[in-house]
Amino acid sequence: MFCKVRSLGLHGVTGYEVSAECDLSNGLPAFDVVGLPDAAVKEARNRVRSAARNCGFSFPVSRITVNLAPADRRKAGTVYDLPMLVGILAAGGQLPPPAPDAAFVGELSLSGELRPVTGMLPMALAARRAGLTTLYVPAGSAAEATLADGLTVYGVERVEDLVAHLRGEAPLPPAPPWVPAPVGEGELDFADVKGQDQAKRALEIAAAGGHNLAMIGPPGSGKSMLAKRLPSILPALSEREALEATEIHSVMGLTSREHPMVSQRPFRAPHHSISATGMAGGGSPVPRPGEISLAHNGVLFLDELPEFHKDVLESLRQPLEEGRVQIARAAASETFPARFMLVCAMNPCKCGWYGHPSHRCRCSEAEVKKYLGKLSGPLLDRIDLYVEVPALEFDELARRPRAESSAQIRRRVAAARAVQAARFGPQGPDCNAHMDAPALQRFCPLDEACQGVMKGAFERLGLTARSYDRILRVARTIADLDGAEQIGVPHLAEAIQYRESPYFRR
(Lines give C-alpha, C1' and ligand atoms only; values in the text may rest on other atoms or scores of the structure.)
Protein backbone atom coordinates (compact mmCIF):
# COMPACT_ATOMS: atom_id res chain seq x y z
CA MET A 1 0.00 0.00 0.00
CA PHE A 2 1.44 3.33 -1.11
CA CYS A 3 0.43 6.98 -0.88
CA LYS A 4 2.20 10.13 -1.99
CA VAL A 5 1.51 13.37 -0.14
CA ARG A 6 2.85 16.73 -1.30
CA SER A 7 4.50 18.96 1.26
CA LEU A 8 7.01 21.79 1.45
CA GLY A 9 10.43 22.48 2.94
CA LEU A 10 12.93 25.28 3.47
CA HIS A 11 16.34 25.86 1.94
CA GLY A 12 17.75 28.98 3.55
CA VAL A 13 14.97 31.56 3.18
CA THR A 14 13.49 29.90 0.10
CA GLY A 15 10.79 27.24 0.08
CA TYR A 16 10.70 24.17 -2.17
CA GLU A 17 8.37 21.25 -2.77
CA VAL A 18 8.84 17.98 -0.90
CA SER A 19 6.98 14.71 -1.53
CA ALA A 20 6.29 12.41 1.41
CA GLU A 21 6.11 8.92 -0.12
CA CYS A 22 4.57 6.55 2.40
CA ASP A 23 4.73 2.79 1.89
CA LEU A 24 3.18 0.04 4.07
CA SER A 25 4.52 -3.44 3.45
CA ASN A 26 4.70 -6.86 5.06
CA GLY A 27 7.48 -7.66 7.48
CA LEU A 28 8.51 -6.95 11.01
CA PRO A 29 6.90 -3.74 12.35
CA ALA A 30 9.20 -0.80 11.78
CA PHE A 31 8.98 2.90 10.97
CA ASP A 32 11.83 4.26 8.85
CA VAL A 33 12.21 7.81 7.52
CA VAL A 34 14.68 8.29 4.66
CA GLY A 35 15.64 11.22 2.46
CA LEU A 36 18.40 12.90 4.50
CA PRO A 37 16.28 13.68 7.60
CA ASP A 38 17.76 15.53 10.55
CA ALA A 39 17.10 14.59 14.18
CA ALA A 40 13.84 16.58 14.36
CA VAL A 41 12.49 14.78 11.28
CA LYS A 42 13.47 11.38 12.64
CA GLU A 43 11.67 12.15 15.89
CA ALA A 44 8.49 12.65 13.87
CA ARG A 45 8.01 8.88 14.04
CA ASN A 46 7.12 9.11 17.72
CA ARG A 47 4.95 12.20 17.32
CA VAL A 48 3.01 10.71 14.38
CA ARG A 49 2.43 7.37 16.13
CA SER A 50 1.21 8.97 19.38
CA ALA A 51 -0.96 11.57 17.61
CA ALA A 52 -2.68 8.89 15.51
CA ARG A 53 -3.47 6.69 18.49
CA ASN A 54 -4.59 9.55 20.74
CA CYS A 55 -6.97 10.74 18.01
CA GLY A 56 -8.62 7.34 17.81
CA PHE A 57 -7.00 5.97 14.66
CA SER A 58 -5.46 2.55 14.22
CA PHE A 59 -1.76 2.89 13.62
CA PRO A 60 -0.63 0.23 11.09
CA VAL A 61 1.29 -2.70 12.54
CA SER A 62 3.54 -3.24 9.52
CA ARG A 63 6.77 -2.08 7.99
CA ILE A 64 6.39 1.65 7.29
CA THR A 65 8.82 3.50 5.07
CA VAL A 66 8.54 7.24 4.45
CA ASN A 67 10.76 8.79 1.79
CA LEU A 68 11.08 12.57 1.70
CA ALA A 69 11.91 13.44 -1.89
CA PRO A 70 14.08 14.88 -3.30
CA ALA A 71 16.25 12.52 -1.29
CA ASP A 72 19.52 14.37 -1.99
CA ARG A 73 18.51 17.52 -0.06
CA ARG A 74 18.71 17.64 3.73
CA LYS A 75 15.31 17.88 5.48
CA ALA A 76 15.13 19.81 8.73
CA GLY A 77 12.45 20.80 11.19
CA THR A 78 9.05 19.52 12.23
CA VAL A 79 6.99 20.56 9.19
CA TYR A 80 6.76 16.98 7.86
CA ASP A 81 4.74 15.57 10.78
CA LEU A 82 1.37 16.24 9.17
CA PRO A 83 2.14 14.93 5.66
CA MET A 84 3.60 11.75 7.19
CA LEU A 85 0.45 11.16 9.22
CA VAL A 86 -1.86 11.85 6.27
CA GLY A 87 0.19 9.56 4.02
CA ILE A 88 0.25 6.68 6.51
CA LEU A 89 -3.50 6.92 7.21
CA ALA A 90 -4.29 7.14 3.48
CA ALA A 91 -1.98 4.20 2.66
CA GLY A 92 -3.76 2.17 5.34
CA GLY A 93 -7.21 2.96 3.94
CA GLN A 94 -8.34 5.14 6.85
CA LEU A 95 -8.34 8.27 4.69
CA PRO A 96 -9.15 8.93 1.04
CA PRO A 97 -6.05 9.83 -1.00
CA PRO A 98 -5.43 13.59 -0.83
CA ALA A 99 -6.01 15.75 -3.90
CA PRO A 100 -2.95 15.99 -6.20
CA ASP A 101 -2.93 19.80 -6.00
CA ALA A 102 -2.99 19.91 -2.16
CA ALA A 103 -0.04 20.17 0.22
CA PHE A 104 0.22 19.55 3.96
CA VAL A 105 2.55 21.26 6.44
CA GLY A 106 2.55 21.16 10.22
CA GLU A 107 4.00 19.97 13.50
CA LEU A 108 2.00 17.51 15.61
CA SER A 109 1.66 17.37 19.34
CA LEU A 110 1.24 13.98 20.98
CA SER A 111 -2.45 14.74 21.50
CA GLY A 112 -3.06 15.53 17.82
CA GLU A 113 -3.01 19.31 17.95
CA LEU A 114 -1.16 21.19 15.23
CA ARG A 115 1.49 23.67 16.29
CA PRO A 116 2.64 26.66 14.18
CA VAL A 117 5.81 26.28 12.13
CA THR A 118 8.49 28.74 11.09
CA GLY A 119 9.07 29.74 7.48
CA MET A 120 5.40 29.47 6.49
CA LEU A 121 5.45 32.35 4.00
CA PRO A 122 8.40 31.14 1.87
CA MET A 123 6.86 27.67 1.82
CA ALA A 124 3.49 29.07 0.75
CA LEU A 125 5.16 31.05 -2.03
CA ALA A 126 6.91 27.86 -3.14
CA ALA A 127 3.54 26.08 -3.20
CA ARG A 128 2.17 28.74 -5.50
CA ARG A 129 5.17 28.43 -7.81
CA ALA A 130 4.73 24.64 -7.89
CA GLY A 131 1.15 24.97 -9.11
CA LEU A 132 -0.52 23.89 -5.87
CA THR A 133 -3.93 25.37 -5.13
CA THR A 134 -4.74 24.08 -1.63
CA LEU A 135 -2.65 24.25 1.52
CA TYR A 136 -3.39 22.62 4.89
CA VAL A 137 -1.42 24.26 7.69
CA PRO A 138 -1.67 24.72 11.47
CA ALA A 139 -4.28 27.30 12.43
CA GLY A 140 -1.56 29.45 14.01
CA SER A 141 0.26 29.69 10.65
CA ALA A 142 -2.79 30.15 8.40
CA ALA A 143 -2.74 33.97 8.42
CA GLU A 144 0.86 33.99 7.23
CA ALA A 145 0.15 31.41 4.51
CA THR A 146 -2.64 33.61 3.09
CA LEU A 147 -0.05 36.26 2.25
CA ALA A 148 0.80 34.13 -0.80
CA ASP A 149 -2.07 35.06 -3.10
CA GLY A 150 -3.75 32.38 -5.21
CA LEU A 151 -3.91 29.62 -2.58
CA THR A 152 -6.86 28.24 -0.67
CA VAL A 153 -5.54 27.89 2.86
CA TYR A 154 -7.15 25.75 5.55
CA GLY A 155 -6.10 26.35 9.13
CA VAL A 156 -6.25 23.10 11.12
CA GLU A 157 -6.49 22.99 14.90
CA ARG A 158 -6.53 19.21 15.41
CA VAL A 159 -6.01 16.05 13.37
CA GLU A 160 -9.65 15.02 13.88
CA ASP A 161 -10.81 18.23 12.17
CA LEU A 162 -8.60 17.55 9.16
CA VAL A 163 -9.74 13.92 8.86
CA ALA A 164 -13.41 14.95 9.02
CA HIS A 165 -12.75 17.52 6.29
CA LEU A 166 -10.94 15.07 4.00
CA ARG A 167 -13.71 12.50 4.47
CA GLY A 168 -16.32 15.14 3.59
CA GLU A 169 -18.01 14.86 6.98
CA ALA A 170 -17.35 18.38 8.33
CA PRO A 171 -15.70 20.70 5.79
CA LEU A 172 -13.31 23.29 7.19
CA PRO A 173 -13.82 26.95 6.25
CA PRO A 174 -10.94 28.45 4.24
CA ALA A 175 -8.81 30.92 6.15
CA PRO A 176 -9.65 34.53 5.20
CA PRO A 177 -6.83 36.59 3.68
CA TRP A 178 -4.98 38.46 6.37
CA VAL A 179 -5.54 42.21 6.31
CA PRO A 180 -3.08 44.37 8.27
CA ALA A 181 -4.49 46.77 10.81
CA PRO A 182 -3.92 50.49 10.21
CA VAL A 183 -0.48 51.51 11.38
CA GLY A 184 -0.76 54.14 14.06
CA GLU A 185 1.73 56.86 14.80
CA GLY A 186 4.78 55.59 16.64
CA GLU A 187 5.77 56.88 20.04
CA LEU A 188 9.21 58.01 18.86
CA ASP A 189 9.11 61.39 17.12
CA PHE A 190 11.76 63.85 15.96
CA ALA A 191 9.76 66.55 17.70
CA ASP A 192 11.13 65.19 20.98
CA VAL A 193 14.72 65.95 19.96
CA LYS A 194 15.91 69.43 20.85
CA GLY A 195 18.58 71.04 18.75
CA GLN A 196 20.87 68.93 16.51
CA ASP A 197 19.48 70.51 13.32
CA GLN A 198 22.47 69.41 11.25
CA ALA A 199 22.11 65.79 12.37
CA LYS A 200 18.38 65.87 11.59
CA ARG A 201 19.14 67.22 8.14
CA ALA A 202 21.66 64.41 7.55
CA LEU A 203 19.12 61.81 8.69
CA GLU A 204 16.52 63.29 6.34
CA ILE A 205 18.94 63.02 3.43
CA ALA A 206 19.86 59.46 4.42
CA ALA A 207 16.19 58.46 4.60
CA ALA A 208 15.36 60.13 1.30
CA GLY A 209 18.12 58.35 -0.61
CA GLY A 210 18.77 55.19 1.42
CA HIS A 211 22.29 56.31 2.33
CA ASN A 212 24.60 55.01 5.06
CA LEU A 213 25.25 57.41 7.92
CA ALA A 214 27.68 57.81 10.81
CA MET A 215 27.09 60.11 13.79
CA ILE A 216 30.04 61.17 15.93
CA GLY A 217 29.76 63.01 19.22
CA PRO A 218 30.23 62.91 23.00
CA PRO A 219 28.07 60.83 25.34
CA GLY A 220 24.52 62.09 25.88
CA SER A 221 24.41 64.28 22.78
CA GLY A 222 21.46 62.39 21.31
CA LYS A 223 23.02 60.01 18.76
CA SER A 224 21.03 56.94 19.80
CA MET A 225 17.91 59.04 20.29
CA LEU A 226 18.15 60.32 16.72
CA ALA A 227 18.89 56.90 15.23
CA LYS A 228 15.91 55.26 16.93
CA ARG A 229 13.65 57.88 15.36
CA LEU A 230 14.91 57.26 11.85
CA PRO A 231 12.19 54.63 11.06
CA SER A 232 9.54 57.28 11.75
CA ILE A 233 10.60 59.22 8.63
CA LEU A 234 11.33 56.31 6.30
CA PRO A 235 8.85 55.64 3.47
CA ALA A 236 6.34 52.83 3.91
CA LEU A 237 7.27 49.34 2.75
CA SER A 238 6.03 48.34 -0.67
CA GLU A 239 4.26 44.97 -0.97
CA ARG A 240 7.36 43.41 -2.52
CA GLU A 241 9.64 44.76 0.21
CA ALA A 242 7.23 43.64 2.94
CA LEU A 243 7.10 40.08 1.58
CA GLU A 244 10.90 39.92 1.28
CA ALA A 245 11.35 41.06 4.89
CA THR A 246 8.60 38.75 6.14
CA GLU A 247 10.20 35.70 4.53
CA ILE A 248 13.39 36.25 6.52
CA HIS A 249 11.61 37.01 9.78
CA SER A 250 9.37 33.99 9.29
CA VAL A 251 12.33 31.63 8.88
CA MET A 252 13.79 33.00 12.12
CA GLY A 253 10.48 32.53 13.97
CA LEU A 254 9.87 36.27 14.44
CA THR A 255 6.33 36.32 13.05
CA SER A 256 3.21 35.37 14.98
CA ARG A 257 -0.45 34.57 14.52
CA GLU A 258 -1.39 38.15 15.37
CA HIS A 259 1.41 39.76 13.33
CA PRO A 260 2.23 37.42 10.44
CA MET A 261 3.65 40.13 8.20
CA VAL A 262 6.38 42.74 8.61
CA SER A 263 4.44 45.94 8.02
CA GLN A 264 7.07 48.48 9.12
CA ARG A 265 10.67 48.77 8.03
CA PRO A 266 12.91 46.61 10.24
CA PHE A 267 15.17 48.34 12.74
CA ARG A 268 17.88 46.06 14.10
CA ALA A 269 20.28 47.23 16.80
CA PRO A 270 22.56 44.34 17.84
CA HIS A 271 24.81 44.66 20.88
CA HIS A 272 28.51 45.21 20.22
CA SER A 273 29.32 41.79 21.68
CA ILE A 274 27.67 40.05 18.69
CA SER A 275 29.78 37.53 16.75
CA ALA A 276 30.51 37.60 13.03
CA THR A 277 28.15 34.65 12.56
CA GLY A 278 25.38 36.46 14.40
CA MET A 279 25.89 39.53 12.23
CA ALA A 280 26.36 38.00 8.77
CA GLY A 281 24.63 34.65 9.29
CA GLY A 282 25.83 31.08 9.40
CA GLY A 283 25.55 28.10 11.68
CA SER A 284 25.68 24.34 11.18
CA PRO A 285 24.63 22.26 9.43
CA VAL A 286 22.30 24.68 7.62
CA PRO A 287 23.30 28.38 7.58
CA ARG A 288 20.71 30.81 8.93
CA PRO A 289 20.27 34.55 8.34
CA GLY A 290 22.05 37.04 10.57
CA GLU A 291 21.28 40.57 11.70
CA ILE A 292 22.13 42.16 8.36
CA SER A 293 19.53 39.98 6.64
CA LEU A 294 16.96 40.69 9.35
CA ALA A 295 17.57 44.38 8.58
CA HIS A 296 16.80 43.82 4.87
CA ASN A 297 14.77 46.76 3.51
CA GLY A 298 15.27 48.50 6.84
CA VAL A 299 17.94 49.92 9.15
CA LEU A 300 20.93 48.30 10.86
CA PHE A 301 21.98 50.51 13.77
CA LEU A 302 25.42 49.93 15.31
CA ASP A 303 25.82 51.91 18.51
CA GLU A 304 29.35 52.37 19.88
CA LEU A 305 30.80 51.35 16.53
CA PRO A 306 34.49 50.98 17.56
CA GLU A 307 33.48 48.55 20.32
CA PHE A 308 32.39 45.90 17.79
CA HIS A 309 34.89 43.15 17.03
CA LYS A 310 36.95 43.79 13.93
CA ASP A 311 35.83 40.64 12.13
CA VAL A 312 32.19 41.64 12.72
CA LEU A 313 32.70 45.04 11.12
CA GLU A 314 34.66 43.65 8.20
CA SER A 315 31.84 41.19 7.47
CA LEU A 316 29.71 44.20 6.49
CA ARG A 317 31.88 45.30 3.60
CA GLN A 318 30.62 43.01 0.84
CA PRO A 319 26.92 43.15 1.81
CA LEU A 320 27.05 46.95 1.81
CA GLU A 321 28.16 46.87 -1.82
CA GLU A 322 26.16 43.96 -3.19
CA GLY A 323 23.00 43.93 -1.07
CA ARG A 324 23.37 40.24 -0.27
CA VAL A 325 25.58 37.96 1.79
CA GLN A 326 26.85 34.56 0.77
CA ILE A 327 27.56 32.04 3.52
CA ALA A 328 29.73 29.11 2.43
CA ARG A 329 30.06 26.07 4.69
CA ALA A 330 31.23 22.53 4.09
CA ALA A 331 27.69 21.15 4.39
CA ALA A 332 25.82 23.89 2.53
CA SER A 333 26.10 27.29 0.89
CA GLU A 334 23.39 29.94 1.16
CA THR A 335 22.83 33.43 -0.18
CA PHE A 336 20.67 35.76 1.91
CA PRO A 337 19.36 39.21 0.94
CA ALA A 338 20.96 42.07 2.89
CA ARG A 339 19.98 45.44 1.41
CA PHE A 340 19.93 47.75 4.42
CA MET A 341 20.76 51.26 5.58
CA LEU A 342 23.76 51.26 7.91
CA VAL A 343 23.50 53.85 10.69
CA CYS A 344 26.42 54.10 13.12
CA ALA A 345 26.99 56.08 16.30
CA MET A 346 30.28 56.49 18.07
CA ASN A 347 32.27 58.62 20.47
CA PRO A 348 35.38 60.43 19.20
CA CYS A 349 37.56 58.69 21.81
CA LYS A 350 37.42 56.14 24.61
CA CYS A 351 36.17 58.62 27.21
CA GLY A 352 33.98 60.33 24.63
CA TRP A 353 35.01 63.97 25.11
CA TYR A 354 37.84 64.45 22.63
CA GLY A 355 37.64 67.93 21.10
CA HIS A 356 35.02 69.24 23.52
CA PRO A 357 35.53 72.92 24.52
CA SER A 358 35.48 71.97 28.21
CA HIS A 359 38.77 70.07 27.71
CA ARG A 360 37.54 67.29 29.97
CA CYS A 361 39.09 64.64 27.68
CA ARG A 362 42.13 62.98 29.22
CA CYS A 363 42.96 60.68 26.29
CA SER A 364 46.33 61.06 24.64
CA GLU A 365 46.63 61.53 20.89
CA ALA A 366 47.96 58.01 20.61
CA GLU A 367 44.93 56.64 22.47
CA VAL A 368 42.55 58.58 20.24
CA LYS A 369 44.26 57.26 17.11
CA LYS A 370 44.18 53.73 18.46
CA TYR A 371 40.47 54.02 19.27
CA LEU A 372 39.53 55.39 15.85
CA GLY A 373 42.01 53.04 14.16
CA LYS A 374 39.74 50.09 14.96
CA LEU A 375 37.69 51.12 11.93
CA SER A 376 39.22 50.16 8.59
CA GLY A 377 39.41 52.51 5.64
CA PRO A 378 37.38 50.27 3.30
CA LEU A 379 34.51 50.21 5.79
CA LEU A 380 34.59 53.98 6.35
CA ASP A 381 34.65 54.51 2.59
CA ARG A 382 31.26 52.78 2.33
CA ILE A 383 29.57 55.34 4.59
CA ASP A 384 27.94 58.18 2.68
CA LEU A 385 27.41 60.83 5.34
CA TYR A 386 29.41 61.78 8.42
CA VAL A 387 27.78 64.20 10.83
CA GLU A 388 28.92 65.59 14.16
CA VAL A 389 26.43 65.55 17.03
CA PRO A 390 27.82 68.03 19.58
CA ALA A 391 26.78 68.22 23.21
CA LEU A 392 23.86 70.61 23.74
CA GLU A 393 24.18 73.77 25.76
CA PHE A 394 21.78 74.64 28.57
CA ASP A 395 19.93 77.30 26.57
CA GLU A 396 19.15 74.81 23.80
CA LEU A 397 17.66 72.37 26.26
CA ALA A 398 15.75 74.89 28.34
CA ARG A 399 14.39 77.39 25.81
CA ARG A 400 14.22 75.78 22.42
CA PRO A 401 10.60 75.33 21.18
CA ARG A 402 9.19 71.99 20.06
CA ALA A 403 11.02 70.83 16.95
CA GLU A 404 9.68 69.70 13.58
CA SER A 405 7.70 66.46 13.79
CA SER A 406 8.52 63.19 12.07
CA ALA A 407 5.33 63.46 10.00
CA GLN A 408 6.53 66.71 8.42
CA ILE A 409 9.95 65.29 7.61
CA ARG A 410 8.43 62.06 6.29
CA ARG A 411 6.33 63.97 3.76
CA ARG A 412 9.48 65.47 2.24
CA VAL A 413 11.20 62.08 2.25
CA ALA A 414 8.21 60.45 0.56
CA ALA A 415 8.14 63.17 -2.12
CA ALA A 416 11.85 62.62 -2.85
CA ARG A 417 11.37 58.84 -3.03
CA ALA A 418 8.46 59.36 -5.44
CA VAL A 419 10.77 61.36 -7.71
CA GLN A 420 13.30 58.52 -7.63
CA ALA A 421 10.65 55.89 -8.36
CA ALA A 422 9.50 57.83 -11.40
CA ARG A 423 13.09 58.33 -12.54
CA PHE A 424 14.25 54.72 -12.30
CA GLY A 425 11.02 52.91 -13.18
CA PRO A 426 9.81 49.56 -11.81
CA GLN A 427 12.88 47.67 -13.02
CA GLY A 428 15.46 50.13 -11.70
CA PRO A 429 16.92 50.71 -8.22
CA ASP A 430 14.51 51.68 -5.47
CA CYS A 431 16.55 54.67 -4.26
CA ASN A 432 19.55 56.81 -5.18
CA ALA A 433 21.95 54.91 -2.91
CA HIS A 434 21.55 51.82 -5.11
CA MET A 435 22.34 53.48 -8.45
CA ASP A 436 24.88 51.58 -10.53
CA ALA A 437 27.55 53.14 -12.78
CA PRO A 438 25.32 53.57 -15.89
CA ALA A 439 22.62 55.21 -13.77
CA LEU A 440 25.19 57.58 -12.25
CA GLN A 441 26.33 58.60 -15.73
CA ARG A 442 22.77 59.21 -16.84
CA PHE A 443 21.17 60.87 -13.82
CA CYS A 444 24.09 62.65 -12.10
CA PRO A 445 25.78 64.81 -14.77
CA LEU A 446 27.86 67.74 -13.51
CA ASP A 447 28.16 71.08 -15.26
CA GLU A 448 31.44 72.98 -15.46
CA ALA A 449 30.97 74.75 -12.12
CA CYS A 450 30.17 71.49 -10.34
CA GLN A 451 33.15 69.81 -11.98
CA GLY A 452 35.39 72.48 -10.50
CA VAL A 453 33.94 72.02 -7.02
CA MET A 454 34.29 68.26 -7.23
CA LYS A 455 37.85 68.44 -8.48
CA GLY A 456 38.86 70.68 -5.59
CA ALA A 457 37.22 68.34 -3.06
CA PHE A 458 38.78 65.28 -4.66
CA GLU A 459 42.27 66.72 -4.35
CA ARG A 460 41.80 68.33 -0.93
CA LEU A 461 40.13 65.37 0.79
CA GLY A 462 41.99 62.59 -1.00
CA LEU A 463 38.77 60.91 -2.13
CA THR A 464 38.60 57.46 -3.66
CA ALA A 465 36.60 56.47 -6.73
CA ARG A 466 34.01 54.89 -4.43
CA SER A 467 33.62 58.02 -2.31
CA TYR A 468 33.39 60.10 -5.50
CA ASP A 469 30.39 58.04 -6.61
CA ARG A 470 28.83 58.21 -3.17
CA ILE A 471 29.08 62.00 -3.14
CA LEU A 472 27.25 62.06 -6.47
CA ARG A 473 24.47 59.87 -5.10
CA VAL A 474 24.08 62.06 -2.00
CA ALA A 475 24.07 65.20 -4.15
CA ARG A 476 21.35 63.67 -6.32
CA THR A 477 19.25 63.04 -3.19
CA ILE A 478 19.75 66.59 -1.95
CA ALA A 479 18.65 67.87 -5.37
CA ASP A 480 15.55 65.64 -5.19
CA LEU A 481 14.67 67.07 -1.78
CA ASP A 482 15.14 70.53 -3.25
CA GLY A 483 12.93 69.69 -6.25
CA ALA A 484 15.76 70.35 -8.72
CA GLU A 485 16.11 68.44 -11.99
CA GLN A 486 19.91 68.79 -12.13
CA ILE A 487 22.60 68.72 -9.48
CA GLY A 488 23.73 72.24 -8.66
CA VAL A 489 26.73 73.65 -6.83
CA PRO A 490 24.81 74.03 -3.49
CA HIS A 491 23.68 70.40 -3.66
CA LEU A 492 27.18 69.16 -4.39
CA ALA A 493 28.78 71.39 -1.75
CA GLU A 494 26.43 70.06 0.93
CA ALA A 495 27.16 66.48 -0.10
CA ILE A 496 30.90 67.11 0.12
CA GLN A 497 30.45 68.73 3.51
CA TYR A 498 29.25 65.41 4.90
CA ARG A 499 32.58 63.80 3.95
CA GLU A 500 34.63 66.43 5.82
CA SER A 501 34.69 64.97 9.31
CA PRO A 502 37.59 66.18 11.47
CA TYR A 503 37.95 62.58 12.69
CA PHE A 504 37.82 60.77 9.34
CA ARG A 505 39.08 61.94 5.99
CA ARG A 506 37.40 59.53 3.57
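**Figure 1. The lining of the largest cavity, by residue class.** In this predicted model, the lining of the largest cavity is made up of five charged, four polar and four nonpolar residues. The cavity holds a volume of about 150 Å³. Its lining numbers 13 residues, and those nearest the centre are Arg265, Asn297, Gly298, Met341 and Arg417. In total, the count of cavities of 30 Å³ or more comes to two.

Figure 2. Helices H3 and H6 each supply at least two of the lining residues.

**Figure 3. The second largest pocket.** This pocket has a volume of about 560 Å³. Among the 24 residues that line the pocket, Leu10, Ala76, Gly77, Val286 and Arg288 are the closest to its centre. Strand S1, residues 2-11, gives the most to the lining, with three residues. Sorted by class, the lining has 12 nonpolar, seven polar and five charged residues.

**Figure 4. Met84 and the largest nonpolar core.** The largest nonpolar core has 69 residues, and Leu68, Met84, Phe104 and Leu135 have the most contacts inside it. Helix H3 (residues 81-91) provides the largest share of this core, eight residues. Leaving out residues up to four places away in sequence, Met84 touches Cys22, Val33, Val41, Ala44, Val48, Val66 and Leu68.

**Figure 5. Helix H21 and its packing partners.** Along helix H21 (residues 489-497), the buried residues are His491, Leu492, Glu494, Ala495 and Ile496. These buried residues pack against H7, helix H19 (448-461) and helix H20 (465-482). Ala495 also belongs to a second, separate core of 49 residues, which includes Ile205, Ile487 and Tyr498 as well.

**Figure 6. Val193 in its loop.** Val193 sits in the loop between helix H6 (159-166) and helix H7 (197-209). Its relative accessibility is 4%, so Val193 counts as buried, the cut-off being under 20%. Which residues is Val193 in contact with, leaving aside its neighbours within four places in sequence? They are Lys200, Met225, Leu226, Arg229 and Ala403. For Leu226, 33 residues apart from Val193 along the chain, the C-alpha to C-alpha separation is 7.4 Å.

How values were computed:
Residues are numbered from 1 along each chain as its sequence is written. This is a predicted model: local features need pLDDT of at least 70, side-chain atom pairs count only at pLDDT 80 or more; totals for chains, interfaces and linings use all residues. Side-chain values use heavy atoms; hydrogens and water are left out. On a 1 Å grid over the protein atoms alone, a cavity is a set of points where a 1.4 Å probe fits but cannot get out, and a pocket is an open set with protein on both sides within 12 Å along at least five of seven lines; lining residues have an atom within 4 Å of a point. Grid points are joined across faces, edges and corners, and a volume is the space filled by probe spheres set on the points. Helices (H or I, at least four residues) and strands (E, at least two) are DSSP runs, numbered from the N terminus. Ala, Val, Leu, Ile, Met, Phe, Trp, Tyr, Cys and Pro count as nonpolar, Asp, Glu, Lys and Arg as charged, and the others, Gly among them, as polar. Buried means under 20% relative accessible area, exposed over 50%, partly exposed in between (1.4 Å probe, protein chains only). Contact means heavy atoms within 4.5 Å. A nonpolar core is a set of buried Ala, Val, Leu, Ile, Met, Phe, Trp, Tyr and Cys residues joined through side-chain atoms within 4.5 Å.
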